[in-house]
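Here is a short briefing to read beside the model. Please keep the sequence and the 3D view open as you go.

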Amino acid sequence: MIDTTRSKDAQALQAAAGNAATPEAASPPVVPPAGAVETRSQWSDVWRQFRSHKGAMVALVIFLSIILFVSVGPLIWTVDPTYVDIRARNSGFSLAHPLGTDQLGRDLLARLMAGGQVSIAVGLTAMLIAIFLGSLIGVTSGYFRRLDAPLMRLTELFLALPLLPLLLLMVTLFREPLSQNFGTAFGIFLLIVSAIGATSWMQAARIVRGEVLGLKEREFILAAKSIGTPAHRMILRHILPNVLSPIMVAATLGIATAIITESALSFLGLGFPPDFPTWGRLLYDAVDQMVLYPWRVIFPGVLISLTVLCVNYIGDGLRDAMDPRIRGR
Amino acid sequence: MLSFTIRRLLLAIPTLLFISLVIFLLLEASPGDPLGDVPLTVPPEVRERMRAALGLGEPWPVRYLLWLKQFFWVEPLYWLDQAFGTDLSQGMQRIISFQSRSPVFDVIAQRLPQTLIVVGMSYLVGILIAIPIGIISAYRQYSWFDQIGTFVSMIGFSMPTFFTGVVLIIIFAVNLQWFPSVYDTTLKVTDWDSFWQQARQMVMPVTVLALYNAAQISRFMRSSMLDNLGQDYVRTARAKGLSERVVVLKHVLRNSLIPVITVIALGLPAVFGGAIITEQVFKVNGLGQLLISSIHANDIPMVLTLTFIFAILIVAFTLIADILYGVLDPRIRYD
């Protein structure tokens, strides 16, 4: 409130100074604060709109609790997920093992937490790689006309590849050399993450390219160009911030796809090694005994589905919140 | 339109050649050895002869060109011979699988029917479920039907097929014992009894895949219907007194189906190759299962040929989808 009155005073002062028409009086111009009533940045607007999407808010809460479960959980439940207690194998729900144990007596709750860490880490990293590649290719092909045709041919080429078979192929063929060079766990992680990232950037690239092509026709780009802004600053300062919202939506949905792909690879037995649990791997290991111990299949499966469902809902809400045509209604 | 089609067809040739080269080089770079299972007691010169017999002695460009020739020249000639009783392919070597030592295409022909029946049926069922759901949810936007439909389809494509499949097996095969959990590919449909058996074993894999497909297609159908329902021509149609039924089912539906049909066409290649995971869950002896087993066995010709066939299908159906879009929607001009 004080701000408003002060800015009004300033305006009145300026007007008076203008009337006096003395150049000395107007020389230190008093700039009134821009958002006089209440500062509403773009992001607070997006957040306001996002909050009104009920499904997305519920999904966000559940997703955050899943992340808490896998990140803080192991600090509270300190059982080693790889500790083999063969005498306690296949035990049911008990105080010592709230979710039971597997066929080697490893605690299922601890394994779910550890597996979730890997699954979510894979999802996030693969998404980051895919989004980085996608925005890089999308922005360059949209901004530099000469590179447009070859890069789009490349994108179409990648879209024509049979992705799941190729992923299977890559993972099978290169798991040995990579796990020898980087250690089993990290080598496989690197392999899976880069394989998923390298095969899922195409949609993002296409969306970003379309947005950039549209942006290039706008006046502020022309203005920036006319004062001689070099290409790299042009892209970083003017293009990228304006294509951020489609990139963020694509990123959110990319996490979901990456998590599903990783668990599918694990389910086909081509993912992480057995002593390195992920949700997909836990499910795969439990399928052999699903008749006797169905919950061992259900828990990791529900966690995968729930995470993906939440991420999809968040992406949906984000898309609605960031679309200026819908926002503010 | 014709020139567009021809241009795209010509462009498809280098694309496919490049893809085949990528797959070939990927397999070439692999450290796996097809002779890895041969015991160490086999003397080195015999081992060398075995390598030569598998065609591994030559440098890779020669082998790649040989494979291309076999794929694009020998195999079609062989099919011609089969069809017309000629002997054009006399003395030419077909693509032979390392694993089974039989021609790759014969093995594929054995596996194709199972895949087509199960996956094709599921796609059909998925479409048949998805279109009415999409229509109703768009027509009654934000009604309880729409809300539930949105939620169910969100779940449908968030639940991975290996989880839905396993859950269905636990419920319907283990607990209720309604359906068999393993798909028996040796079953021959001869009478009503075996037909009933076939139908029962198809229920679960078809349901799993149909749910997944329906979830995606119904979303497309809904948003396409919503786009069209707000158009001016709909208001005009209502204003001239057409019944609601005619407006929605004749005017809006036809126009909304255009993008949906292209989406369906784009999804078709997955019908042939895709259901790798579902086939694995229900032990359907189809193409996906064949791919997995030949990857595990380092069967390079089989993997190469199968993956390349999938690539051809993807390229072909992308082209078909583009052409269909142009044919169905006269506003789209490619030239």
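In this predicted model, 32 residues of chain A are in contact with 32 residues of chain B; two residues are in contact if their C-beta atoms, placed from the backbone, lie within 7 Å. This is a predicted model in which local features need pLDDT of at least 70 and side-chain atom pairs count only at pLDDT 80 or more, while totals for chains, interfaces and linings use all residues. Residues are numbered from 1 along each chain as its sequence is written, with chains lettered from A and ligands numbered from 1 in the order in which they are written.

**The side of chain A that touches chain B**
- Helices H7 (145-160), H8 (163-182), H13 (244-267), H14 (279-287) and H15 of chain A each supply at least two residues to this side; helices (H or I, at least four residues) and strands (E, at least two) are DSSP runs, numbered from the N terminus.
- H8(A) gives the most, with ten residues.
- By class, this side of chain A has 26 nonpolar, five polar and one charged residues. Ala, Val, Leu, Ile, Met, Phe, Trp, Tyr, Cys and Pro count as nonpolar, Asp, Glu, Lys and Arg as charged, and the others, Gly among them, as polar.

**Helix H14 of chain A**
- Eight of the nine residues of H14(A) are buried, so this helix is largely enclosed by the rest of the structure. A residue is buried if 20 or more other C-beta atoms lie within 10 Å of its own, with C-beta atoms placed from the backbone.
- The buried residues of H14(A) include A:Trp279, A:Arg281, A:Tyr284 and A:Asp285.
- Their cover includes H6 (108-143), H13 and H15 of chain A, together with H6 (161-175) of chain B.

**Helices H3 and H15 of chain A**
- The axes of H3 (residues 42-51) and H15 (residues 294-322) of chain A come within 8 Å and cross at roughly 130°. Axes are lines fitted to C-alpha atoms, for helices over the stretch in contact, and angles run from 0 to 180 degrees between N-to-C directions.
- From H3(A), the contact is made by A:Val46, A:Gln49 and A:Phe50, and from H15(A) by A:Gly317, A:Leu318, A:Asp320, A:Ala321 and A:Met322.
- That contact has five nonpolar, two polar and one charged residues.

**Chain B as a whole**
- Chain B has twelve helices and zero strands.
- Its C-alpha atoms fill a box of roughly 85 × 60 × 40 Å, taken along the principal axes.
- Of the 335 residues of chain B, 33% count as buried.
- Among contacts in chain B between residues at least 6 apart in sequence, 69% join residues at least 24 apart.

Key: A residue is buried if 20 or more other C-beta atoms lie within 10 Å of its own, exposed if 12 or fewer, and partly exposed in between; C-beta atoms are placed from the backbone.
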